[in-house]
Amino acid sequence: MIKRKIAPRLTAIMLTGSMLLSTAAGALTIEQARELIEEHYVDQISEEALSQETIAGLIAALGDPYTVYYTEEEYQNFLGNMADTVIVGIGISFALQDGVMQINRVVEDSPAEEAGLQAGDALISIDGNVVDGADVETVSAWLKDEEGTTVALVYERDGKQKRATITRRQVLIPETTTQLQDGDIGYISCNTFGEDTAAHFEAGISANNAAVDTWLVDLRANSGGVMSAASDALGFFVGKVVTGYIRNRDGVYQNYGSKQDVATVQPIITLVGAGTASAAEMFAAETWELGAGVTVGGRTYGKGTAQVVYDESTDPDYFTDGDAMKISAYRFFTTNGNALSVVGVIPNFVVDESIAPAVAALLAGNRTDESKTGILRIKYGWNLYVNLDTATAEENREAFGALLSALPATIQLSEKVAGSDDLWTSTDVAAIAKKYNISYTDRTFTDCADSAYADVLDVLAIYGILQGTGDGLFEPDKSLTRAEFSQMLAQALNCKQTAQGGAYDGESRFADVDADAWYGAAVNEIAAMGLVEGTGGGMFHPDAPVTHAEFLTIMGRLSSYLNMYMYEIYHSYTAEDGADERLAAYPDWAKQGAWLLACSQMDVNDRSVSLLWDEVDAIAPDDATTRESAAVVLYTILSYTDILTA
C-alpha cells in the first residue's frame, strides 16, 4: 500500500468556473482569452502560445485538444450533447441482425410503446416499402416525417405478422436507460453524464432493484460529461463518499464526491472500451477501487484532465454573444491517486468491447448460490460465479472463450460439478477449455516458463501491457535497447499512435529517430510525456542498451506520472535523501528515481518497501537492463498503485 503524504480529505468542489472581474465589453477578445488561460490553465504556458494574435492560434499553440472556444451555436450543441434529447418520431431504435432489421429498443412513453411494439420485433414494411434488403439509413428515412403524420408498419413477432398505424410526435430520448435482462440483470446504458443522469440512475434502480442480482453499467459510448453527475450516479452504488481528487496548476488538491445515499447493495459490472473517457473513466475506475464491482471490456481512452466552462453566467463582461470557453483547469485522479491521462483504465477482464456485454452476463450469473453445481467460481476480489450450462450453450461459447482468454493464472478458479459433494475442485483455464471443448486464445509468451518471473510476464501479456519480440516470444534474458524500452512503455501506457501502429505523424524530436521506424511513434510519444530524454545534441541512440541507472530514472518519472501520491513523494526528494548510502554507486542524476522506487515507500507498519527486483545497492548502475527486469518493475508499479488489479 502506498504511504500517502497528502491530506486524504479536502473540501469537495463543483467543476464550474469562478467569477472573474473585468470591465471589458463585446465578444471575447484575444486579450481576454489570454487572461482566462493564464489564470486557469492547468499547465505552464509557453511564450509562443501567449504571443499569438488570435484565439484560434492561442489554443492551437497550447496543443491541448480539450481547451476550446465555442461560438453560441457550438456552445448550445456542446450543452445538448450532455442532456436528454427530443426528436419527432415513433420512438424505436433498430439494427440489422443476421439479415433481419430488428428493433432493439422501444423508448418508454413513446408512440411505439403505446402501439405495442417490443424489442426483438422484426420490421417487415414501412408505408408499403419492403424493409428486406434496405440499409439502416434508408429505413430511418422512411420512419421520419413531421409531427402529427402517421406511418403504417408491418412487423413480425414469434413467426406472426402484425400491423400498426402510429402517429409521430415528440419523443424524449434519455441518454441513460435501464432494462431488466434475463430476469435478474439490471442493464443501465449511459451515454453521457449530465444534469439528468443521476435522476435516470435513481429511477432505473428503484424500479428494478427488487429483481436484480447484478447491475451492468454500459459506458462504452460514454465520452464523459460533468464530474459531479458521474460521482452522483456512482453514489447510488457506493453512497456518500469521496470519488476522486483534482489538482490545479499550483499543485493544490481538492476532492469531489457523491451526494447520494446507497440505493442498491447489488454489485455492478461496468462495461468499457476505447470510447469511454473522462468522467466515465472515473466511474469505471471507482467501480473497482470503491469495492462496487469489476470492469469488463477494452482499455479506455485515457483523458486525465478536467475542464471548466466559462460563459456569461461566470463572466458576463467577457461573454456577451452566447459564446463560451472550455479550459483544462485540473488534472484528476482516482481515490487511489491514479492518473488516467493516456493510460486510462485497464479493465479487470480485458476482452473485445463488442463482446463485453455477453461476457459480463456470464459473470453476473449465480452470484450468491454456492449450493448449486455446474458452476465455475472465479476469485477476483470476491467470488464471481459462471453457470457452466449457460456458458457452454452454443450461443455463449464465444463469450466464454473470451472470458477464459482474459484470465491469468494468478486468479483462482474452482469448479463444482453436478453430482459432486460440497467441495470445490481447483482448476485452471486450460483444464476448463479442454473439458468443455471451448476455443480460447492463450495470450502468454511461449519462452517464459523457466523465468523466475513467469507469472508476472503472463499477467502483463494477458492484459495486453507487454508485446513480445514476435512469434509468441518475449526473450526475457535479452538486454533492452532504448528503442525497445520506449516501445514497452508506450504499449503499457496505451499511447495512441503507438497502439495504432504505423509512422509517427509529427516531426521527430530526435535526429536519429526516423518517424517511420517501428519505434518512431513510441519514442516521440514517451518523450512528449517527459519520461525519456535524448543523449544530447538532438540524438537519442535508439539501439543503445538501457543501463540500470537510466532505467530507474525513467521508472521514477513514470511512477510520479501515474499516481499523485508517488508524484508528491518524488517531488519531496532532497539532497539528504540522495545521500542514502544505498545509493552511493549511482550518479546524482539517477538518485531521485532510484530513491523513489527503492527507499521512499513504506508499508502500513512503516517498514521500507522496495519496488525493484533486487536490493538497490546490489544493482550495478552501469549494467544493461534485461527485458524481464524491466517488465517486473513495470508490473510492480502498476499493481502497487492498483492500476493493474490481477
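## An open sheet

In what order do the four strands of the open sheet stand? The order is β21-β20-β22-β23, and the pairing is antiparallel. This is a predicted model. At the edges stand β21 (382-387) and β23 (425-427). Each has a single partner strand, so one side of each is left without a neighbour in the sheet. From one strand to the next, the twist averages 30°.

Strand β22 covers residues 412-416. Three bridges join β22 to β23 in the antiparallel sense. Here Glu415 stands opposite Thr425 in β23.

Strand β3 (residues 92-97) runs antiparallel to strand β4 (residues 100-106). Six bridges join the two. One of the paired residues is Gln97, whose bridge partner in β4 is Val100. The hairpin has two residues between the strands. In this hairpin, Asp98 takes a positive phi near 55°.

Two further aspartates call for a look at their backbone angles. Asp158 has a phi near 55°, a positive value in a residue other than glycine. Asp158 sits in the loop between β7 (150-157) and β8 (160-167). Its relative accessible area is 75%, so Asp158 is exposed.

Asp182 is not a glycine either, yet its phi is positive, at about 55°. The loop that holds Asp182 lies between β10 (176-181) and β11 (185-190). Asp182 is exposed, with a relative accessible area of 68%.

## A buried serine

Is Ser328 buried or exposed? Ser328 is buried, because its relative accessible area is 1% and the cut-off for buried is under 20%. The residue lies in strand β18, which spans residues 324-333.

The side chains of Ser328 and Asp64 are joined by a polar contact of 2.6 Å. Leaving aside residues up to four places away in sequence, Ser328 touches His40, Tyr41, Val42, Asp64, Tyr66, Thr67, Thr305, Ala306 and Gln307.

## An enclosed helix

## Nonpolar cores

The largest nonpolar core has 110 residues. Those with the most contacts inside it are Phe349, Leu363, Ile378, Phe400, Tyr463, Leu493 and Met555. Helix α22 supplies the largest share of this core, nine residues.

Met555 shows some of the contacts in detail. Not counting residues up to four places away in sequence, Met555 touches Phe485, Leu489, Leu597, Val633, Leu634 and Ile637.

## Aromatic pairs

How many aromatic pairs does a search of the whole structure find? The search finds 17. In one of them, the rings of Tyr70 and Tyr75 have their centres 6.1 Å apart. Their planes lie at 25°, so the pair is stacked. Both Tyr70 and Tyr75 are buried.

Trp518 and Tyr519 form an edge-to-face pair. The distance is 5.0 Å centre to centre, with 90° between the planes. Trp518 counts as exposed, at 56% relative accessibility. Tyr519 is buried, with a relative accessible area of 11%.

Ring pairs also link residues into a cluster. Its members are Phe193, Phe201, Trp215, Phe237 and Phe283.

Methods: Residues are numbered from 1 along each chain as its sequence is written. This is a predicted model: local features need pLDDT of at least 70, side-chain atom pairs count only at pLDDT 80 or more; totals for chains, interfaces and linings use all residues. Side-chain values use heavy atoms; hydrogens and water are left out. Buried means under 20% relative accessible area, exposed over 50%, partly exposed in between (1.4 Å probe, protein chains only). A polar contact is a pair of N or O atoms within 3.5 Å; within protein, one must be able to donate a hydrogen and the other to accept it, and residues adjacent in sequence count only if both atoms are side-chain atoms. Contact means heavy atoms within 4.5 Å. Two strands pair if DSSP finds at least two bridges between them. Axes are lines fitted to C-alpha atoms, for helices over the stretch in contact, and angles run from 0 to 180 degrees between N-to-C directions. A nonpolar core is a set of buried Ala, Val, Leu, Ile, Met, Phe, Trp, Tyr and Cys residues joined through side-chain atoms within 4.5 Å. Rings of Phe, Tyr and Trp (its six-membered ring) pair if their centres lie within 6.5 Å; planes under 30 degrees apart count as stacked, over 60 as edge-to-face and the rest as tilted.
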